[in-house]
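Open the model in a viewer and keep the selection tool at hand. The stops below each give something to select and say what is there.

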Amino acid sequence: MNNKGQIIITDILLYLIILLVIFSIVIYATVTLNDNQVTRINNKQLNNLLEDSISALTKTSGTPNNWEELNVNKVDTVGLKSPKNQLLSYDKLIKLKNNPYLLDKYFPTGIDYSLTMYSKSNPNNEVLIAGKSNFNNKKQIQSKSTVVLFDYAFNITSFKKENMTVYCPYNHSEQWICKTINVNDESLSSGKYYIISDSDVKYIISNTYSENITGQTKKTCINNQLEQLMRNQNQTIFLHILTNNNNTYLVYDTDNKEEFLDEVIKPKTYVLNMKIAT
C-alpha cells in the first residue's frame with residue numbers, strides 16, 4: 001500500500017509539474033503576443049506621425065505663410081515651402097534653425113525628434129535644424145528623408161529671346177538679348193544686382209542718354225556701374241547680353257546671399273531628414 005500510494009503521489013506531482021509548465025508557456029506566449037501587438041500598433045502610429053510631420057513641413061508654407069518675417073509669438077504653424085513655388089524657403093529654414101522650439105508643438109509628450117539637413121553631394125556635413133542630436137535609450141526610432149531644393153528669395157530675370165525687350169536703342173545682331181530695368185537710389189542701397197551666366201558673356205549696360213559701360217563676365221555685381229549711369233532719380237537702364245545660347249540671368253539680392261548665386265545656374269540638392277523616437 002505504501003509503495004502504491006507513493007507511486008500515485010509521484011504521478012500526481014508529475015502531472016502537476018507538466019500542467020504548470022504548459023500553463024507557464026501559455027501565459028508567456030499570451031503576454032509576448034500582446035507585447036508584439038502593442039509594438040506593431042506603436043510603430044504604425046509613430047510612422048504615421050512621422051509621415052504627417054515631414055509632409056506638413058515640406059508641402060505647406062506655415063501659418064501665417066510669411067511667418068519667417070514675424071515675431072515668433074505670432075507663428076501658429078511651421079511650414080518650409082515657399083509661397084511662390086514648390087521649393088523650400090531658405091529664409092523659413094533659417095528662422096526655424098534659430099528658433100527650433102517652434103517645431104515642438106508638432107509632437108506629443110514623450111516623443112523625441114530631430115530635423116537635420118545635408119547637401120546631397122556632402123552627406124557627412126549634416127546640420128541639426130531642430131530637436132535632439134541623439135536618442136539614447138530609445139526603443140523605437142523611425143526615420144524619413146526627402147530631397148529638396150531651396151528658394152533663396154532672389155528676384156531673377158532670365159535673358160531669353162521669348163522674354164526680350166521689344167525696344168532697344170542699339171541695332172544688335174540676333175545673338176544679343178536686351179532687357180530694361182528701373183533703378184533708383186533705394187533699390188541700389190537695398191540690394192545688389194548681379195549678372196551671372198554659366199560661361200563668360202559680353203554685356204553692355206546703357207542709359208537713355210546714350211552712355212554705356214561694357215564688360216565680359218561669368219558673375220559680377222553691377223551696382224557700381226548702374227550708379228555711374230544714373231542721371232535721374234528713377235533711371236531706365238538697358239541691359240544687353242551677348243548670350244550665345246548661354247544660361248544668363250540678372251539677379252537682384254536683398255539679403256547678402258551671394259554664396260548661393262551659383263545655385264541659380266545649377267540648383268544644389270539637399271536632403272532633409274526627420275527622426276522620431278519613443
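**Stop 1: Ser 187**

Select Ser 187: apart from its neighbours within four places in sequence, Ser 187 is in contact with Tyr 193 and Tyr 252, where contact means heavy atoms within 4.5 Å. This is a predicted model, in which local features need pLDDT of at least 70 and side-chain atom pairs count only at pLDDT 80 or more, while totals for chains, interfaces and linings use all residues. Residues are numbered from 1 along each chain as its sequence is written, and side-chain values use heavy atoms, with hydrogens and water left out.

Ser 187 sits in helix α3 (residues 185-190). Helices (H or I, at least four residues) and strands (E, at least two) are DSSP runs, numbered from the N terminus. Is Ser 187 buried or exposed? Ser 187 counts as buried because its relative accessibility is 12%; buried means under 20% relative accessible area, exposed over 50%, and partly exposed in between (1.4 Å probe, protein chains only).

**Stop 2: the open sheet**

Next, select β5, β4, β14 and β6. These 4 strands form an open sheet in the order β5-β4-β14-β6, with antiparallel pairing; two strands pair if DSSP finds at least two bridges between them. One side of β5 and one side of β6 lack a neighbour in the sheet, because these strands stand at the edges with a single partner strand each. On average, neighbouring strands of this sheet are turned by 25° against each other, direction ignored. Axes here are lines fitted to C-alpha atoms, for helices over the stretch in contact, and angles run from 0 to 180 degrees between N-to-C directions.

Now go through the pairs:

- β4 (residues 112-119) with β14: 8 bridges, antiparallel. Pick Thr 116 and find its bridge partner in β14, Asn 273.
- β6 (residues 141-148) with β14: 8 bridges, antiparallel. Pick Val 147; its partner in β14 is Val 271.
- β4 with β5: 5 bridges, antiparallel. Pick Met 117, whose partner in β5 is Val 127.

Colour β14 (residues 270-277) by accessibility: 7 of its 8 residues are buried.

**Stop 3: helix α2**

Select α2, which lies across β4 and β5 and runs at about 65° to β5. Its buried residues are Tyr 90, Lys 92, Leu 93, Lys 95 and Leu 96. The elements that cover them include β2 (77-78), β3 (88-89), β4, β5 and β7 (150-151). At the start of α2, look for a side-chain oxygen of Ser 89, which reaches to within 3.4 Å of the backbone nitrogen of Asp 91.

**Stop 4: the nonpolar cores**

A nonpolar core is a set of buried Ala, Val, Leu, Ile, Met, Phe, Trp, Tyr and Cys residues joined through side-chain atoms within 4.5 Å. The largest has 37 residues, of which Leu 96, Leu 103, Phe 150, Met 274 and Ile 276 touch the most other members. Elements giving two or more residues to this core include α1 (2-59), β10 (192-206) and β13 (248-253); α1 gives the most, with 5 residues.

Centre on Ile 276: among the residues it touches are Leu 46, Leu 49, Leu 50, Phe 107 and Tyr 113. Then show the second, separate core of 20 residues, which includes Val 183, Tyr 193, Ile 213 and Leu 226.

**Stop 5: the cysteines**

How many disulfides does the structure hold? It holds 0, a disulfide being a pair of cysteine sulfur atoms within 2.5 Å. Select Cys 168 and Cys 178: the sulfur of Cys 168 has its closest cysteine sulfur in Cys 178, at 3.4 Å, too far for a bond. Cys 168 is buried at 16% relative accessible area, whereas Cys 221 is partly exposed at 32%.

How values were computed. A polar contact is a pair of N or O atoms within 3.5 Å; within protein, one must be able to donate a hydrogen and the other to accept it, and residues adjacent in sequence count only if both atoms are side-chain atoms.
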